[in-house]
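Have the sequence and the 3D view at hand while reading.

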Amino acid sequence: MSPSRGFTFKQFHIDHDRCAMKVGTDGILLGAWAPVEGARRVLDIGSGSGLIALMLAQRSGPDCQITGVELEAAALAQARENVAASPWASRVQMRGGAIQQHEAPPYDLIVSNPPYFGAGQGFEDSARAQARHRGSLDSRDLLDACDRLLAPRGRVALVLPTALADEIISSLPHYDLHELCYTAVITKSGKAANRVLLLLSRELNRCERGEIVIHSADGGYSNRYIQLTAPFYLKM
């Protein structure tokens with residue numbers, strides 16, 4: 001199916017024509033990489049189409065409950081439709097509103113593919129602008145929410161541009177959060193990283209550092225990327 005009509009994965013389908021931000025590599029990487037093992041309560045901040053929430057539902061056990069929070073009304077409605085059509089409708093719920101006002105018992109895992117463009121970058125579509133401009137959710141709002149909603153032994157998994165990852169890391173001393181894993185995302189072998197998969201924890205441990213290369217030098221997907229995403233892509 002063409003990207004404009006949505007994406008069909010091995011176990012579920014995502015329609016995203018009413019969502020400002022479409023299915024993309026960032027979200028797929030986070031959904032495949034975030035450590036969902038043992039988590040019984042999961043929060044997806046800025047859930048968009050529901051992609052990451054459904055990927056985590058596929059990877060988690062039957063006792064894991066997943067909540068997505070989405071501010072934009074059209075995206076929220078479409079995420080609810082995607083969830084209802086999935087095999088995990090009983091385990092995934094989508095809630096509207098801003099994460100700053102979200103109240104709930106602590107979560108074992110919080111994930112987010114947050115907005116990251118500065119206010120100087122414009123978009124013709126206002127919903128896309130809201131989804132990707134940092135005015136509605138800046139790094140402080142994101143860390144405030146994670147610190148407030150994360151369980152004592154919980155983890156936070158984020159996918160971020162490298163500069164925003166550095167900004168988040170520099171702010172951690174103000175929170176009960178610590179860098180646990182920093183995985184640089186390299187689009188093609190030989191190029192510099194432009195994204196980071198960042199894992200935070202309440203516990204202070206030595207940070208594990210590594211990298212994921214998406215495309216090898218010949219243009220094909222790398223073995224590591226195939227390993228991560230094979231449970232989802234139809235042609236892997």
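Zero disulfides turn up in a search of the whole structure; a disulfide is a pair of cysteine sulfur atoms within 2.5 Å. For Cys 207, the closest cysteine sulfur belongs to Cys 181 and is 6.2 Å away, which is too far for a bond. Cys 146 has a relative accessible area of 1%, so this residue is buried (buried is under 20% relative accessible area, exposed over 50%, partly exposed in between, with a 1.4 Å probe and protein chains only).

The model is predicted: local features need pLDDT of at least 70, side-chain atom pairs count only at pLDDT 80 or more, and totals for chains, interfaces and linings use all residues. Residues are numbered from 1 along each chain as its sequence is written, and side-chain values use heavy atoms, leaving out hydrogens and water.

## Aromatic pairs

The search of the whole structure finds seven aromatic pairs. Rings of Phe, Tyr and Trp (its six-membered ring) pair if their centres lie within 6.5 Å; planes under 30 degrees apart are stacked, over 60 edge-to-face, and the rest tilted. Phe 7 and Phe 9 are stacked, because their ring centres are 6.2 Å apart and their planes meet at 25°.

Phe 7 is partly exposed at 23% relative accessibility, whereas Phe 9 is buried at 3%.

## Charges over rings

A charge sits over a ring if NZ of Lys or CZ of Arg is within 6 Å of the ring centre and within 35 degrees of the ring normal. Arg 41 has its charged end over the ring of Tyr 107, 4.4 Å from the centre. The charged end of Arg 209 sits over the ring of Tyr 182, 4.5 Å from its centre.
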